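Student: I have a model open and a list of labels to check. Can we go through what each label rests on?

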Amino acid sequence: MHKKTKGSIAELATALQLMKEGFTISFPFGENQRYDLVAERSGKFLLIQVKYSTPKNGTLRVNCQNSNNWSVRSYTSEDIDLIAVYDGLKGDIYFVESSKLKKNRILLRLQPTKNKQDKLIRYAKEFNKIRF
């Protein structure tokens, strides 16, 4: 499946879930924004970047940056409020607050580690709801 098609699927699935939770959804015109959609509820607006990820080795790997022909830039809390991570196999969506983005990539673990390590592990289930 083409990368743009995956992105569209993830955006629409995220919009559907947010609408079911009572948000109004808006999509920006064009592709020059740092966010993919805007969710509004009770007068509060959230700028959301959506990422499609296929699980590998029990994790969802998410690049927290965008690139064009000229530059690569990491997302910051000035650009977005959340990254919505769409699991390409199960269709689950996880919402990571921009304040938790410290690197260019995050890993959300779907299964416990084989060596039982828990320190510095981000489990996807911790991000299954928007903290609104």
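Tutor: Start with a cut-off: buried means under 20% relative accessible area, exposed means over 50%, and partly exposed lies in between. Keep in mind that this is a predicted model.

Student: Why is Tyr86 called buried?

Tutor: Tyr86 has 11% relative accessibility. The limit for buried is under 20%. Tyr86 therefore counts as buried.

Student: What makes Tyr52 partly exposed?

Tutor: The relative accessible area of Tyr52 is 23%.

Student: How many aromatic pairs does a search of the whole structure find?

Tutor: The search finds one. The partners are Tyr52 and Tyr86.

Student: Why is the pair of Tyr52 and Tyr86 called tilted?

Tutor: Two values describe a pair of rings: the distance of the centres and the angle of the planes. For Tyr52 and Tyr86 the centres are 5.5 Å apart, and pairing asks for centres within 6.5 Å. The angle between the planes is 40°. Stacked would need under 30 degrees, and edge-to-face over 60. The pair is therefore tilted.

Student: Which parts does the pair of Tyr52 and Tyr86 tie together?

Tutor: Tyr52 belongs to strand E3 and Tyr86 to strand E7, residues 82-87, so the pair links parts 34 residues apart in sequence. The two residues also stand opposite each other, Tyr52 facing Tyr86 in E7.

Student: How do you know that E3 and E7 pair?

Tutor: Pairing takes at least two bridges. E3 and E7 have six, in the parallel sense.

Student: What makes E2 and E3 a pair, and in which sense?

Tutor: They share five bridges and run antiparallel. The requirement is at least two. Ala39 stands opposite Leu46 in E3. E2 and E3 form a hairpin, with two residues between them.

Student: Are Ser42 and Asn57 buried or exposed?

Tutor: Ser42 has a relative accessible area of 74%. Asn57 has 62% relative accessibility. Exposed begins over 50%. Both residues are therefore exposed.

Student: Why do E1 and E8 count as edge strands?

Tutor: The open sheet has five strands in the order E1-E2-E3-E7-E8, with mixed pairing. E1 and E8 (93-97) each have a single partner strand, so one side of each is left without a neighbour in the sheet. Neighbouring strands are turned by 30° against each other on average, direction ignored.

Student: What packs on the sheet?

Tutor: Helix H1, residues 3-20, packs on it. H1 touches E1, E2, E3, E7 and E8, and its direction makes about 140° with that of E3.

Student: Where is Arg34, and what makes it buried?

Tutor: Arg34 sits in the loop between strand E1 (24-26) and strand E2 (37-41). Its relative accessible area is 12%. The limit is under 20%, so Arg34 is buried.

Student: How do you know that Arg34 makes a polar contact with Asp79?

Tutor: The two side chains come to 2.9 Å. A polar contact needs N or O atoms within 3.5 Å. The value therefore passes. The side chain of Arg34 also reaches the backbone oxygen of Ser74, at 2.8 Å. Residues that Arg34 touches include Gln49, Asn66, Tyr75 and Ile80.

Student: What makes Arg41 a charge over a ring?

Tutor: The charged end of Arg41 is 4.1 Å from the centre of the Phe23 ring. The distance limit is within 6 Å. Arg41 therefore sits over the Phe23 ring. Lys125 does likewise with the ring of Tyr123, at 5.7 Å from its centre.

Key: Residues are numbered from 1 along each chain as its sequence is written. This is a predicted model: local features need pLDDT of at least 70, side-chain atom pairs count only at pLDDT 80 or more; totals for chains, interfaces and linings use all residues. Side-chain values use heavy atoms; hydrogens and water are left out. Helices (H or I, at least four residues) and strands (E, at least two) are DSSP runs, numbered from the N terminus. Buried means under 20% relative accessible area, exposed over 50%, partly exposed in between (1.4 Å probe, protein chains only). A polar contact is a pair of N or O atoms within 3.5 Å; within protein, one must be able to donate a hydrogen and the other to accept it, and residues adjacent in sequence count only if both atoms are side-chain atoms. Contact means heavy atoms within 4.5 Å. Rings of Phe, Tyr and Trp (its six-membered ring) pair if their centres lie within 6.5 Å; planes under 30 degrees apart count as stacked, over 60 as edge-to-face and the rest as tilted. A charge sits over a ring if NZ of Lys or CZ of Arg is within 6 Å of the ring centre and within 35 degrees of the ring normal. Axes are lines fitted to C-alpha atoms, for helices over the stretch in contact, and angles run from 0 to 180 degrees between N-to-C directions. Lists of a residue's contacts leave out its neighbours within four places in sequence.
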